[in-house]
Amino acid sequence: MTAVHVWNFAPVWANADLLAQGLANTLKVTGASLAFGVPLGLVLALMRLSPQRLLAWPAVAVIEVFRTTPPLVQLFWFFFALPILIHVEMTPYVAAVLTFSIQSAAFFAEVFRGGIVSVERGQWEAGRALGMAPRQVMRRVVLPQAVKRMIPAFLERAIELMKTTTLVAIVSYADLLFETNEVAQKTFRPLEVFTVTALIYFVVIFAASTLVHGLERHLAASGEGMAR
Amino acid sequence: MGAHYQWNFAPVLENLDVLWAGAIGTLHLFVICIALGFGFGLVVGLGRHARTRWVYLPATAFVEFFRNTPVLVQILWFYYALPILLPFEISPLMAATLGISLNSAAFSAEIYRGGITSIDRGQAEAARALGMTPAQAMRRIVLPQALRRMLPALTNRGIEIFKMTTLASAVAYVELLQQGKLLASLNFNPIETYTVIAVVFFLCLFPLVQATYALERRLNRSDA
Amino acid sequence: MTTTIEPLMRVRALEKRFGEHAVLRGIDLDVMPGDRIAILGASGSGKSTLLRCLNFMEWPSAGIVELAGQAIGRAAPGKADPDRRTYDQAELTRVRQRVGMVFQQFNLFPHMTALGNVMEGLRTVRGQREPEARARARAELARVGLADKADAYPARLSGGQKQRVAIARALAMDPEVLLFDEPTSALDPELVGEVLRVIRSLAEEGCTMLLVTHEMGFAYHVANRVLFIAEGVIHEQGTPDEVLKHPTQPRTQAFVERHREFDF
């Protein structure tokens, strides 16, 4: 074996289209999981906050189970176990979106709940004192204020989701990581390919992260005024 | 809908020794990654706090890189890519340890930094005014107070690390999920096997999660 | 045949306990139309709790509150507590459409303009359409002297302005009774006057109101009845002259002396 490795990125560029397709699929899974996860998270949060035990307890169960078990175990369960249980065909994509929708919803639910709870009691009281029904107070007074506060935590969770979806490569969904492995095996250049992929992930996620932090600062500057 | 599924946990329960081997592997990996992750994280966290550029910039670069790349990518890089640069083999354990530890170090570095900066400047000043060196001030005055504040975030990170150990199955390290995969493929019972795995993780982590909530509540009360 | 005027609100044997701690130990009160009742008392005396029971922000532990002759809640006698009543959220929501409240901390909705705040009850609770609600809201804001601040967000308003918007918001609902919970306690001294002026003009227009306040001079000039609450009961009540200038109970005397800031 040679003492020093000679880096050669040419094979990577040659397969750039495969990697690009992989990146697109990564974004697809992330996007779909977000699209389902966010509304589901809101529903879970409202159920969790409901005074009715019949709504609150199932929500607590879902949230706790999906926050306390490893995502990979959840993915395996949805991909290998569920199809047998309910007699449906399961593709990696469907299993992934199903898993990560619920998993991210469990975390989003806590973000939503934190935001709602952070709105001062006085706002609730003012709405109720006007004769609003609880649902009206939530919709017109509390949620609009809560959402603004939750946006940073919420976006950070979304970025976490982008990182978590790499797990789909393990169930052979053709995301960026899976394609990386394929290209690495094809070109016998795992060092270059994996390094490039790591850099791609870094650039995408770092950019998203920076945008979120910028947004956070912007909101803190103007939002503080609003919160008074 | 076809015939109702008959749950049968017998094959799983008969192979508890297989799962136990996995559990040992999980704990092994977990302990190593906690120690390395929190330990190195402290070094990097203090480095982020340093005034000299030669310490601050590399520390920041480290944190930014390892926080903004997925752990699985890191593990696979260490397993497939690193051996090419080095003259020796990287075992699954080493790859998983490197990936998870460095990732955790980056996250815990930020926790340390946040905890340290949250302690009033006046504390460090009072310590210096007494004649302590910066290192003594940090060690005896600032860090002990900061650690209390950081405890909830650190326990959360610990829980995340525990969950991350399952990623080591991607490089066939013998941990709980890996053994689950083995059993499921041998006995053709993914439902029972993966359900048991999920339950085991839940039972291990749930008390820790609840303890974290209680810790947070207690700290909120006493801090106010 | 003479027609007797019925009380707008009637409170009988009102009690409120928080856990083991009894805050209100039996309050009887009649609120007649046009009454301006000032409620005074030391901290912890139960005066705010009493006010909050009247629009059911706190639920009474015992006793009955009647609005326009109708008892709120249903009797639900239990073995432990024969006087227990149960309350239904929907009914309480309706009660609050008739009994308005102005809070010490204003509690304006920060994500709406002043106009939006005043309109909110009309739109969401009364179901009015936008143009009518808007017109009415503008009128109420003008009534409290803030017509020019209609499009301002609460963050841009002073404390006194915020409280006046809060009053306009409550007034827009045409409440039969208006409750003021220490409306000026959270204000800087120089802003107190503008709010008191608004409350005074409402009183002169015949608005039925109960005020928990520390402003004894104001209570003297605006109220027609004063209640002094101590240890969860009405310790002394009467006209402002009777309670504030010539109190008969030593405890009331001590309170008035302690809080007298200037001669009435």
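Predicted model: local features only at pLDDT ≥ 70, side-chain atom pairs only at ≥ 80, totals over all residues.
I will take chains A and B to start with. The contact draws 38 residues from chain A and 40 residues from chain B, and the area buried between these two chains is about 3600 Å², with carbon and sulfur atoms giving 77% of that area. On the chain A side, the residues that lose the most area to chain B are A:Thr68, A:Val73 and A:Phe194, which together make up 15% of what that side buries. As for polar interactions, the count of salt bridges between chain A and chain B is 0, while the rule finds 6 residue pairs in polar contact across this interface, both residues being at pLDDT 80 or more.

Which helices of chain A supply at least two residues each to the side that touches chain B? They are H3 (53-68), H4 (71-86), H5 (92-118), H7 (134-164), H8 (176-187) and H9 (190-227), and the largest share, 11 residues, comes from H9(A). Sorted by class, this side of chain A has 25 nonpolar, 8 polar and 5 charged residues.

Turning now to chain A and chain C, we find 19 residues of chain A in contact with 24 residues of chain C, and a buried area of about 1900 Å², of which carbon and sulfur atoms give 60%. Here the count is 2 salt bridges, and one of the pairs forming a salt bridge is A:Glu125 with C:Arg52, whose closest N and O atoms are 2.7 Å apart. The rule also finds 10 residue pairs in polar contact across the interface of chain A and chain C, again with both residues at pLDDT 80 or more. Helix H6 (121-129), H7 and H9 of chain A each supply at least two residues of the side that touches chain C, with H6(A) providing the largest share, 7 residues. By class, that side of chain A has 8 nonpolar, 7 polar and 4 charged residues.

Finally, a word on one helix of chain B. H3(B), residues 53-67, has 15 residues and reaches 21 Å from its first C-alpha to its last, close to the 21 Å expected at 1.5 Å a residue. Among the buried residues of H3(B) are B:Phe62, B:Val63 and B:Phe66, and also the charged side chains B:Glu64 and B:Arg67.

Key: Residues numbered from 1 in each chain as written. Chains lettered and ligands numbered in written order. Heavy atoms only, no water. Contact = heavy atoms within 4.5 Å. Buried area = accessible area lost by both parts, 1.4 Å probe. Salt bridge = Lys/Arg side-chain N within 4 Å of Asp/Glu carboxyl O. Polar contact = N/O pair within 3.5 Å; in protein donor to acceptor, adjacent residues only side chain to side chain. Helix = DSSP H or I, 4+ residues; strand = E, 2+ residues; numbered from the N terminus. Expected span 1.5 Å × (residues − 1). Buried < 20%, exposed > 50% of the residue type's maximum accessible area, 1.4 Å probe, protein only.
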